[in-house]
Amino acid sequence: MPIFWISIVLVSLFIIWGAFFPSNVGYILGVINEFISNSFGWFYLLVTTGFVVLALFLIFGPYGNITLGDPDEKPEYNYFTWFAFLFTAGMGVGLVFYGVTEPLTHYYSPSSATPETPLAKEESLVYTMFHWGFHPWATYAIVALALAYFKFRHKAPALISSAFTPLIGDRAKGGWGTAIDTLAVFATVFGIATSLGLGSKQITSGLSFTFEGFPDTMVTNLLVILVVTILFLLSATTGVDRGIRYLSMFNVFLAVALMLFVFVLGSTSYIMESFTTTIGSYIQNLPQLTLGMNAFVGDREFLNSWTLFYWAWWIGWSPFVGTFIARVSRGRTIREFVIGVTVVPVVFSAFWFAVFGTSGFQVDEAGNGALYKLMNELGQEAALFGFLESMPMASIVIGIAVILITSFFVTSADSGTFVLSMLTTGGKLNPSTRVKVVWGVILSAIASVLLWSGGLKALEMAMLIAAFPFAILMVFMSWSLMKALKSELDILKMESMQRQHNEQFRKNQLKLLQIKRKEMEESLPEPEEEQ
């Protein structure tokens, strides 16, 4: 297992560096992050745009009927379970963390609109949907499709390097493949660590709101990470069909219940108007949002802090989410797969932000900006709980939100350890518990070190840096996938032509046989009539 040991050594060196020289880690990450953001921000925009275009082509193009598996294979999981997997692995903690925070932040610090105006509200929700809409899910879809296609269609190992076989041949099994998979492991580690950091910050904030005297400090954040680590390691020992599956379904039920609670008790009509208006503005402005670099107007810092961070986060998460989605998508056609991964989660995310974003605006206005002030004083993670404090049965609802965040945290970490174990054990679909435990401990250590080195800012910077080289790999992965699909389509067309030829030959033979039989019948003498 060379990938396992190489990854362990390199990640361990980073943990030691961050533990003993946290200020140096923060400084180095800041320098690299600024260079990538200012010099290669355009690259992130073009790459994610390319994934959206490619996803649309796969839905409407000629490859849609190809099955991810044997031609007559049926899906392994039903639609509800499959969507639960997608929702939990793909965004989980992020939706809860940013549900109130992001729209409210954009309202006070918009990209181009005048702050604290109705136009700033509309722009804030449009940008929020942009950040959580088609671009991230198209990114996930391309990576997941490449992995599922080569694993289930061509029986290749469940490794990122397997998707490069059409381009580099057997070198995907050698040094080149090891380098590709190691890079994927790094992107995955920092992507998941960012989410674990966000989750721990929000759990601590929620407990501080719920229990008077519970401090929201670095020590309590680290203790939360420790406790949740124990929980997800226990879950990791049960595998996909038990721990992750049941947790995913529980997460969906609880998240929908919380959303409906806010929707029903809030301004229901206003939320629906906000939802439809945001979708319309999003679709109308998608080209400009997609390619806009704020080169002439708008706040460039907004682009760096939000859009580029998100694109890096989705790309960094794509090896993890892509591998996990691929693992649970066997038996689906390419068209069904891409539609399921890109459309359903986008609609749910849009409604989620309409509910929490719109309601957050109203609570903030009723308190003369109190919610935004609270967020600035206590951190972004406090926004959700400050908002829920204004709802009926506030203590109970906040407690439910803490349980939901913890469950999402556990499921994401559980899925992450599962995927990292797959990537570092030659693509085993059911890696050993020992390997999963090792990666679980390492993920928690990385999240702790990054929080220690600079809080959320350090998490975000590490994410953007780790994602950049993998974004380059994804371009070549897409090329490799299309090359393989084209070759298979040519083969399928030849097989179809052969079947048609065989069918036509069979029909001709049958017709010839019928003609000969008729000729024989006509040549026979007619029977003599009885006297």
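A nonpolar patch on the surface is formed by Ile6, Val9, Leu10, Leu13, Ile16, Phe20 and Phe21, which together have about 700 Å² of accessible area. The model is a predicted one.

The protein contains 17 helices and zero strands. Of its 531 residues, 57% are buried. The accessible surface amounts to about 22600 Å², and carbon and sulfur atoms account for 66% of that surface. When contacts between residues at least 6 apart in sequence are considered, 84% of them link residues at least 24 apart.

The largest nonpolar core comprises 176 residues, and the members that touch the most other members are Tyr44, Leu58, Tyr98, Ile160, Phe356 and Ile446. The most residues in this core, 27, come from helix 17 (residues 433-523). In soluble globular proteins, nonpolar side chains tend to be buried together. With residues up to four places away in sequence left out, Leu58 touches Tyr63, Gly64, Ile142, Leu145, Ile334, Val338, Met482 and Leu485.

A further buried position is Ser124, which lies in helix 5 (residues 118-132) and has a relative accessible area of 1%. Ser124 is classed as buried because this value falls under the 20% cut-off. Apart from neighbours within four places in sequence, Ser124 is in contact with Pro103, His106, Tyr107 and Phe361.

Key: Residues numbered from 1 in each chain as written. Predicted model: local features only at pLDDT ≥ 70, side-chain atom pairs only at ≥ 80, totals over all residues. Heavy atoms only, no water. Core = buried A, V, L, I, M, F, W, Y, C linked by side-chain atoms within 4.5 Å. Buried < 20%, exposed > 50% of the residue type's maximum accessible area, 1.4 Å probe, protein only. Helix = DSSP H or I, 4+ residues; strand = E, 2+ residues; numbered from the N terminus. Contact = heavy atoms within 4.5 Å. Patch = residues over 30% accessible without salt bridge, like charges linked within 9 Å, V, L, I, M, F, W, Y side chains within 5 Å. Areas by Shrake-Rupley, 256 points an atom, 1.4 Å probe, with all protein chains shown as cover. Salt bridge = Lys/Arg side-chain N within 4 Å of Asp/Glu carboxyl O.
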